[in-house]
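Subject: Structure handover

Dear colleague,

Here is the structure that I promised to pass on to you. Please open it beside this message, so that each place can be looked up while you read.

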Amino acid sequence: MGMWKLRFLGFLCAYFLFTIGAVELGRNQPTERISGSAGDVLEDDPVGRLKVFVYELPSKYNKKILQKDPRCLNHMFAAEIFMHRFLLSSPVRTLNPEEADWFYTPVYTTCDLTPNGLPLPFKSPRMMRSAIQLISSNWPYWNRTEGADHFFVVPHDFGACFHYQEEKAIERGILQLLRRATLVQTFGQRNHVCLKEGSITIPPYAPPQKMHTHLIPDKTPRSIFVYFRGLFYDVGNDPEGGYYARGARAAVWENFKDNPLFDISTEHPTTYYEDMQRAVFCLCPLGWAPWSPRLVEAVIFGCIPVIIADDIVLPFADAIPWEEIGVFVAEEEVPKLDTILTSISPEVILRKQRLLANPSMKQAMLFPQPAQPGDAFHQVLNGLARKLPHDNTMFLKPGEKILNWTAGPVADLKP
């Protein structure tokens, strides 16, 4: 019998002996509250702590784009659409800009899709520039601070760098006109030119109703040890195979494609959500960017996320104790994944599962319709509220300019 078989059998014996009481209850184990300040932050109520003014832009910046391609409502970048809808009816919205703490510009920069549903980055910076030119011409509030009291939702792969390939995103850098604003974005990686200090990192959009319809009975045992569905190579964009996911996904496939501990494949079955609920660990490796919806799906379905993305900044990290609910594996350690995961004690696994079962944890990862207390919308507002009061030094002197309106690629300057 191979070493991996002995290791796996040993793990299973320990796991099931330790959890026999929990097995009788299936996955319906007691939840565990997040301890300390993190739990308090997660349950904060932002109402009454800030006021947001929503600019009314021509529909070509948002509603018309969505009418042209309704697929934008269901892809992982859809937070920009649902955040707009939420704010329009939120109690934090003010119609009086003079009393606003924050200003929001609703631009759907990711809703320009290829036939296979991926956002094209080429129009995004031009659209954003155009919107900023509009608000700076029609209202006085942008010009007071050059955007320092404004926030923008930019859920592109690399945020306001507006490109899906890291090398080109780094070359572009953050759009110059957004460099004083607060960016609400899915991309997060420490010491990266596309993550601006003070940004709020959010989860990607995953459709709450769709996931809810795939819930399986609580008593279903978790009989899959490690689960993953997705690309290991992106032959079309990375034919040599070393650039995509910095080789981490390729390493998963090459090392574990024949290992029965690992249920991994490129095929995406109709039972994908159900399978995640049957798994102990769900791999969440980087792709072109460090983040993906798998992180949200893992949390919602109580599957311990195995995060393989060096220096990743995770959603709402000041409120969600990712170190306690997940497992972090360095990209260079991928060949040791089986050893790393089988060495985690059943006690530690059960505690992570209890934390994942906390409803407030799941709620914070979702953008539901209608909004619910403690959801991702409210976590964004909490993040904005914690930045208040604004420092008076953000206000510019009469005639003072900081941003360079003509900086950046020439193509971005086109109307």
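Domain bounds, which are used below, come from an automatic or database domain assignment. This is a predicted model, in which local features need pLDDT of at least 70 and side-chain atom pairs count only at pLDDT 80 or more, while totals for chains, interfaces and linings use all residues. Residues are numbered from 1 along each chain as its sequence is written, and side-chain values use heavy atoms, with hydrogens and water left out.

I begin with the chain as a whole. It has 17 helices and 10 strands, where helices (H or I, at least four residues) and strands (E, at least two) are DSSP runs numbered from the N terminus. Of the 415 residues in the chain, 57% are buried; buried means under 20% relative accessible area, exposed means over 50%, and partly exposed lies in between, with a 1.4 Å probe and protein chains only. Among the contacts with a separation of 6 or more, 72% are between residues 24 or more positions apart, a contact being heavy atoms within 4.5 Å.

Next come the empty spaces. Rolling a probe the size of a water molecule over the atoms shows where empty space is left. The search uses a 1 Å grid over the protein atoms alone: a cavity is a set of points where a 1.4 Å probe fits but cannot get out, a pocket is an open set with protein on both sides within 12 Å along at least five of seven lines, and lining residues have an atom within 4 Å of a point. Grid points are joined across faces, edges and corners, and a volume is the space filled by probe spheres set on the points.

The largest pocket holds about 1,200 Å³ of space. Its lining consists of 42 residues, and Met-76, Phe-77, Leu-118, Pro-293 and Arg-294 are those nearest its centre. Helix H11 (272-277) and helix H12 (294-300) are the elements that give two or more residues to this lining. By class, the lining has 21 nonpolar, 13 polar and 8 charged residues, where Ala, Val, Leu, Ile, Met, Phe, Trp, Tyr, Cys and Pro count as nonpolar, Asp, Glu, Lys and Arg as charged, and the others, Gly among them, as polar. Because domain 1 (53-205 + 372-389) and domain 2 (208-365) both give residues to the lining, the largest pocket lies between them.

By the rule above there are 3 cavities of 30 Å³ or more, and the largest cavity has about 70 Å³ of space. Among the residues that line the largest cavity are Thr-186, Trp-291, Ser-292 and Pro-315, and the lining divides into 9 nonpolar, 3 polar and no charged residues. The largest cavity also lies between domain 1 and domain 2, because both give residues to its lining.

Helix H5 (residues 79-89) has 8 of its 11 residues buried, so it is largely enclosed by the rest of the structure. Its buried residues, including Phe-82, Met-83 and Phe-86, pack against strand E1 (52-54), helix H4 (63-68), strand E2 (102-104), E3 and H17. In helix H10 (residues 248-256), the buried residues are Ala-248, Arg-249, Ala-250, Ala-251, Val-252 and Phe-256, and among the elements that they pack against are strand E6 (224-229), H12 and helix H14 (337-342).

Some backbone details follow. Most residues other than glycine have a negative phi, and most peptide bonds are trans. Glu-146, however, has a positive phi of about 50°; it is found in the loop between helix H7 (141-145) and strand E3 (150-153) and is buried, with a relative accessible area of 3%. Arg-246 also has a positive phi, near 50°, but it is partly exposed, with a relative accessible area of 35%, and its place is in the loop between E6 and H10. A cis peptide bond joins Gln-369 and Pro-370, with omega about 0°, and the bond from Leu-388 to Pro-389 is cis as well, with omega near -5°.

Lastly, what does the side chain of Gln-277 reach? Gln-277, which lies in helix H11 and is buried at 1% relative accessibility, reaches the backbone oxygen of His-214 with its side chain at 2.9 Å.

With best wishes

Conventions:
A polar contact is a pair of N or O atoms within 3.5 Å; within protein, one must be able to donate a hydrogen and the other to accept it, and residues adjacent in sequence count only if both atoms are side-chain atoms.
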